[in-house]
2 protein chains.
Amino acid sequence: MPRTTAATRPAKPDAPQARFRLRVTAGDVIAIGPGKIALLEAVARTGSITTAAKSLDMSYRRAWMLLDELNSQLKSPAVDSSKGGQHGGGTALTPVGERLVETYRRIETTAEKATATDMRALVRLLNR
Amino acid sequence: MPRTTAATRPAKPDAPQARFRLRVTAGDVIAIGPGKIALLEAVARTGSITTAAKSLDMSYRRAWMLLDELNSQLKSPAVDSSKGGQHGGGTALTPVGERLVETYRRIETTAEKATATDMRALVRLLNR
């Protein structure tokens, strides 16, 4: 689901909204983007790649692949499959994974706050 | 071409870079996004939809369609095909079109400046 904030949340479902998407690219590869961040958040919430994938309507295979790709692009992995879950054996974010999500979301919030006036001006140009 | 700033421009072609993409959506439709803004800038530069489309490796048909779609979503059109060009008959941005491009680019710059420290922290998590 797209993430919204109070500043950009639409009054009606179809009301226009301005939104940032932040991506960190390396060459042609999107190393960090909204999809991977949402997946990390779901893993943190559920302690399980299977449940996280389900909650995002994603196959286990795709979730696993995205996390593996992310881990390989970081200096230190974002998820650890030896920890987490009620009985162990689940998956948890590492301190690096937690920092990654926090920093990404803080960047979005800071950007939205810093640009709120211009964002509203942009939306007001639309005919609804 | 993706737009970069001094803050995010990579030292090497494959060095990671953090970038915002700003979209204004209305329901499922992307009313304003990076593609339409780049097209408006090309029209302003060239005074012609044909030349603007060529400069972006885009068909005339697609450029015309994007501009028509954009005009129909705005309270007042962004381009005017009765003006512009050396001998008239070309296409120019209206004051609304100019304001749209200016506001969009200013939002990007403001967001990049406000988040520069966190952006660098994010990029530093990557293993290159």
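Predicted model: local features only at pLDDT ≥ 70, side-chain atom pairs only at ≥ 80, totals over all residues.
Let me start with a term: a residue is called buried under 20% relative accessible area, exposed over 50%, and partly exposed in between, using a 1.4 Å probe and protein chains only. Hi everyone. Residues are numbered from 1 along each chain as its sequence is written, chains are lettered from A and ligands numbered from 1 in the order in which they are written, and side-chain values use heavy atoms, with hydrogens and water left out.

Let's begin with the interface. How many residues of chain A are in contact with chain B? There are 40, and they meet 40 residues of chain B, where contact means heavy atoms within 4.5 Å. About 3700 Å² is buried between the two chains, with carbon and sulfur atoms giving 63% of that area. Buried area here is the accessible area (1.4 Å probe) that two parts lose on being put together, summed over both. On the chain A side, A:L122, A:L125 and A:L126 supply 18% of what that chain buries against chain B, more than any other three residues.

Now the polar side of things. Across this interface, 15 residue pairs are in polar contact, both residues being at pLDDT 80 or more. A polar contact is a pair of N or O atoms within 3.5 Å; within protein, one must be able to donate a hydrogen and the other to accept it, and residues adjacent in sequence count only if both atoms are side-chain atoms. The side of chain A that touches chain B draws at least two residues from each of strand 1 (17-26), strand 2 (29-32), helix 3 (60-73), helix 4 (95-114) and helix 5 (116-124). Helices (H or I, at least four residues) and strands (E, at least two) are DSSP runs, numbered from the N terminus.

Please look at strand 1 next. Strand 1 of chain A runs antiparallel to strand 1 (residues 17-26) of chain B, and nine bridges join them; strands pair if DSSP finds at least two bridges between them. Within this pairing, A:Q17 stands opposite B:T25.

On to salt bridges, meaning a side-chain nitrogen of Lys or Arg within 4 Å of a carboxyl oxygen of Asp or Glu. Over all chains the count is eight, and between chain A and chain B it is two. One joins A:R106 to B:D118, with the closest N and O atoms 2.8 Å apart. Another joins B:R106 to A:D118, also with a closest N and O distance of 2.8 Å. This pair crosses from helix 4 of chain B to helix 5 of chain A. B:R106 is partly exposed at 40%, whereas A:D118 is buried at 16%.

My last stop is B:K36, in helix 1 (residues 34-46) of chain B. Is B:K36 buried or exposed? It is buried, at 8% relative accessible area. What does its side chain reach? The backbone oxygen of B:A31, at 3.1 Å; the backbone oxygen of B:I30 also lies 3.1 Å from a polar atom of the B:K36 side chain. B:K36 forms a salt bridge with B:E69 too, the closest N and O atoms being 2.8 Å apart. That pair links helix 1 to helix 3 of chain B, 33 residues apart.
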